[in-house]
Every structure is written in C-alpha cells, then in structure tokens.
Amino acid sequence: MRILLVATAFNSLTQRVFAELQDRAHGVTVHLGTAEDGLRAALRSSGAELVVAPMLTTALPESVWSRTTCLIVHPGPPGDRGPSALDWALHEGAARWGVTVLQAGAVMDGGDIWADAECDLPEAAKSDLYRGEVTEAAVGAVLLAVERFADGRWRPRPQYGPDAPPAIRTRPHLAQDLRRIDWGSDPTDLVLDRLRAADSRPGVLDTLLGEQWYLHGGRREGRLRGRPGELIATRSGAVCRATVDGAVWIPELRRRRSPGGPATFKLPAVSALGPLLPELPEVAAPLMPQDGDDSWTDIRYSEDGAVGRLHIDLPGGAMSTDHCRRMLAAYRFACGRPTSVLVLGGGRGFFSNGIHLNVIEAAADPAAESWANINAIDDLVLEVLTSTDRLVVAALGGNAAAGGVMLALAADEVWCREGVVLNPHYRLMGLYGSEYWTYSLPRRAGTAEAARLTGRALPLTAGAAHRIGLVDRVIEAAPGDFTAQTARFARLLAASPALQERIAAKKAAREADERARPLAAYRAEELAVMHRQFFSPDEPYHALRSAFVRKLPPPPAG
C-alpha cells in the first residue's frame, strides 16, 4: 500500500514507524510539516492511499483529512486528549499508560479510534520512555491500524456513543509553573521526578546563578550534601545541586531564549554556564565503583566473571571530544582487566549518535572543534578495531546513528534490542563520515550495500540490519530488560569452548587485513574529505549543523 508519512520532525518514533512499514513492503513517502499546499502536493505526487502521522505539533488541514483517511498517533489512552499527554502522565505518577491511533477530524484527538495499545511507565526519563515503552506501543498500534485499513472491512470505534471510551479528558499544555522545583523544600525524589519528566523537552525552567535556564536530565547523588539549591560540585561536564535531603546531578542546561533572540540549545552544564560558574570541586567517581556506591557517572565499568562491561550514559547519545577521550581511557582500562568478553553499552538509552554537534556549534572555532571531535572518536574506534585479545560486543538497547553506528560495527559482534533504529549514514549533515566506516561497513554489508546505506540516508530496523549483516543478534526484550538479557548472552559467550579459537581467528584476520591495507590509510582518506568539509565555509555542514542543533528546518539544498 502507498502511505504518506506526515510529521513535524523525523524523530525517533517517525523513523521507527517508517522503517517498520518499509519492512512490510509498503511504499512509504515522508513529508515534514502540515502546510496545506505542501501536503496536498505530497499526496498527489505520492499517490498515497493513507496518511499516517506519528508525531505532529500542529493539526492537519481539513482539505487533507476530509479527502484522505489520516491516522494520528496520540501518546495517550483512548479518551485522553491534549498536547502534553505523556507529560501529564509522568507529572501525575502514572504507572501504566497507552497510545491511541485515531482518525483526524474536526475535533483535536476526537476522531474515531483505529487501534490502541497499553504500556508500562517504569521509573525512567521521559525521552527514554518515549523511545522505549511508548514507541513500542505506538508501533504495535500503527501496524494494527494500517492492517485494518488495508483489510477494508474494519470499522473504527467512535469516541461518542455506546462504544465510546469510559471517560474523555482534555488537558492543556503542561505549564512550567507545574514543573517548578522548590529547592528549599522539595525532596530529592520529587526533584528527580520533575527533571526526568522534562529531560528532553521542554526542560525545567529555573533560575541559576542569576540567570534563567532550562534544566535537562537528573541523576541522583548518593553522598555529596550542601545548602539546598546551591551548586556544590562538577563531574564530567555536569553540575551537582543540593536538595533538602541530598543532591542531584544535572547533565545539561539550555539558556532561556530572550525575546526576539536566536534559538538556544542544550549544552553540558559546565560548558553552558561558562564564566558564570563559581570555582567548584571536580568530584570524580570511580570508574569501577564498589557494590553499594550509587554515585552517578556517565561512564563506568563492571565485571561479571569473565565478562567486562562499559556502561555509557550520554545525554542524546552525543560524544564530545571530552567524552571520547574519557571513553578511550575507560576502554583501555577495561582491556587491562582479566576478561575474555567486553560489552560496550547495553543500557536503555541511546548507544551513540557520533560527534557532539551542540558542543561544536557553541565552540569559539566550530571547525577546529569538529576536527578535534572526529579525531577523538576515531581514536576510540581504532582501539576497538585493534583489540585482538578478547571478543568485543556492542550492545545497543537504544538507537544509534552516524559515527555511533560505526563505533558499534568496530566490535566483533553487534547485539540490538528488537526496537532499535539504526541510521548508518552521515549525508543529512553534509558529511562524508569517518570512524573507519569505509573499512567496517563494507566488511559487514558489502561494498554495494554500504554505498546504498550511506547514499539513501534512511533508517533501518534492527531486523533489517540483521538481514544485511550489520547486526549479529536481535534480542526480544522490553527496554528495561535488555541489560539483563545481554548479560546472560555475554556469560554464555564467555563460557563457549570455541571462544579462544575465535579470538585467535580474529587476531589473524586483523593482521591479514592490515597487510592488505592499513587502517591508517582508511583514516587518512576519510579525514582528507572531512577536513575540507569542516574548514571550508561554503560546505553545507555548517548551515545544516546550525539548523539541527536549534531544531530549525534545514536550509534548502544548493
């Protein structure tokens, strides 16, 4: 069936729905935005029989939904209406929620119901829940609704009359006054609830060091204490702020936009505050914490017998120059441990999305920072590629893109949770790419497939990536269960009688590849192109990066 996918942005849910529909042989065209003329033109050119809208911030025009069936994904159960459905659920502490696929009509969120699905809301950040449990429910409901539409016999359930939902509740946008933190009285648990419920967008508006900022993300601190509301320490770019009964780490800040001023964007908290930040102690956490040590850190190492694991907790999956250098040091530490299997990642958040475009955009010299960042991530990928004394597993419980995918492909095995989306390309940012992709991608998928993936610049489901050789194992697991599942598979791998034989074969293959063409040659060729793209002001990378970090439409091509 021909389907037009309409969205405000090609976000994680939209990408997942697109990739899942493509996997089922539907002809899918993507259109971003809801302007009437553009939508009608997209409908004509695509010949779409159905419109599916996974993520909208504005309503579809009547001239579209009155002529073509339009299915809207609403992140709330039947009867729930309004623009902040998931935010309200988290604000009120809901343990279970849902997603409804309904037909667009005159009443916002009031159309007939084509499908719905329930999901749990475990204790996690809003962005993780949205990409995890909510997306799983949404995809299941969308696929069922599309199947019902294609069948032609299904009659959607109206929201009015005897078969209507038991209660209809329309709620407004969740305002900042309801998200506000009172640092002088709110306990740590409530502070974390507020921060987690707004970690990606919109953040929690607050006053810090005399200026207004949106706080993004929150992690519990187990030991440090101070006067409620004051900043007491830094760690790995985050700031620690005292509460009445403890403290929390805030990884990122976004300056409040001034009236008529340019759009602002998230940065590591220490970088965002810059000269405003008073002199504070940098309190490092141990890379390999002892049992019972609950101090937060963005990179940590643990062991389970012969299995080592590097846990990564990077907001948005972006890896700045500093992140890459610290990750490299942690990786080398892990390789000095007496293990035979090393697992990278395995949490529920993003695995990696490559270089940190926000940090680059904020730098005094974005080109120089781009160059430092790409070389730092290349150094990390090289270390993974040349680890020949153990098997390395990249465990992707969350999505990965660009250099993050290539970091995963440097490992010996790639394990993905079933719901993961991969974007193995750089073209949408106007970049050729590095991270030894010209070695790793063809090695797994073949030269022709590598060219197709990087040229088409489209997302892949974990299943599709498995079919073309990018992924070795697809694991069916709820987002919160992936870590335990990968731990079990890693123990089995470490106990395999053939393990040492595999490690020896890996070492021999790496030596043969190096004789055929050194890794340094791949890197030099990739970086020659990237240097031009970074340092030439006429390259599209600069405008594309600026629009991306500010969440603005990309500039027109050419």
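Two strands count as paired here if DSSP finds at least two bridges between them. Strands themselves are DSSP runs of E, at least two residues long, and helices are runs of H or I of at least four, all numbered from the N terminus. With that in hand, take strand 19: Leu-342 in that strand is the bridge partner of Gly-308.

Before I go on, a word on what you're looking at. This is a predicted model, where local features need pLDDT of at least 70 and side-chain atom pairs count only at pLDDT 80 or more, while totals for chains, interfaces and linings use all residues. Residues are numbered from 1 along each chain as its sequence is written, and side-chain values use heavy atoms, with hydrogens and water left out.

Okay, back to strand 19. Strand 18, residues 307-312, pairs with strand 19 in the parallel sense, over 4 bridges. How many of the residues of strand 19 are buried? Buried means under 20% relative accessible area, with exposed over 50% and partly exposed in between, using a 1.4 Å probe and protein chains only. For strand 19, residues 341-345, the count is 5 of the 5, so this strand is largely enclosed by the rest of the structure.

Strand 9 is joined to strand 10, residues 211-216, by 5 bridges, and Leu-208 has Glu-211 in strand 10 as its bridge partner. Pro-202 is in the loop between helix 7 (188-196) and strand 9.

On to the helices. Two packed helices are described by the angle between their axes and the distance between the axes. The axes are lines fitted to C-alpha atoms, for helices over the stretch in contact, and the angles run from 0 to 180 degrees between N-to-C directions. Under 35 degrees counts as roughly parallel, over 145 as roughly antiparallel, 65 to 115 as roughly perpendicular, and the rest as oblique.

Let's start with helix 11 and helix 18. They pack at about 160 degrees with axes 10 Å apart, which means helix 11 is roughly antiparallel to helix 18. Their crossing is right-handed; that's the clockwise case, whereas left-handed has the near helix turned anticlockwise from the far one by less than a right angle. Contact means heavy atoms within 4.5 Å. On the helix 11 side the contact residues include Trp-371, Ile-374 and Leu-382, and on the helix 18 side they include Leu-527, Met-530 and Phe-534.

Which way does helix 9 run relative to helix 11, parallel or antiparallel? Helix 9, residues 321-335, packs on helix 11 at about 20 degrees, with axes 8 Å apart, and that makes the two roughly parallel. This crossing is left-handed. Among the residues making the contact are Met-327, Leu-328 and Tyr-331 of helix 9, plus Ala-376, Ile-377 and Leu-380 of helix 11. By class, the contact has 9 nonpolar, 2 polar and 5 charged residues. For those classes, Ala, Val, Leu, Ile, Met, Phe, Trp, Tyr, Cys and Pro are nonpolar, Asp, Glu, Lys and Arg are charged, and the others, Gly among them, are polar.

Helix 18 also meets helix 13. Here the axes come within 8 Å and cross at roughly 115 degrees, so helix 13 is roughly perpendicular to helix 18. Trp-437, Thr-438 and Tyr-439 in helix 13 meet Leu-519, Tyr-522 and Glu-526 in helix 18.

Tyr-436 isn't a glycine, but its phi is positive, about 60 degrees. Is Tyr-436 buried or exposed? Buried, with a relative accessible area of 1%. Ala-402 is another non-glycine with a positive phi, about 50 degrees. Ala-402 lies in the loop between strand 21 (400-401) and helix 12 (403-409), and is buried at 16% relative accessible area.

Last stop, helix 19, residues 541-549. Its buried residues include Tyr-541, Leu-544 and Val-549. The buried residues of helix 19 pack against helix 10 (357-362), helix 11 (366-385) and helix 18 (519-535). Just past helix 19, Lys-551 has a positive phi of about 55 degrees.
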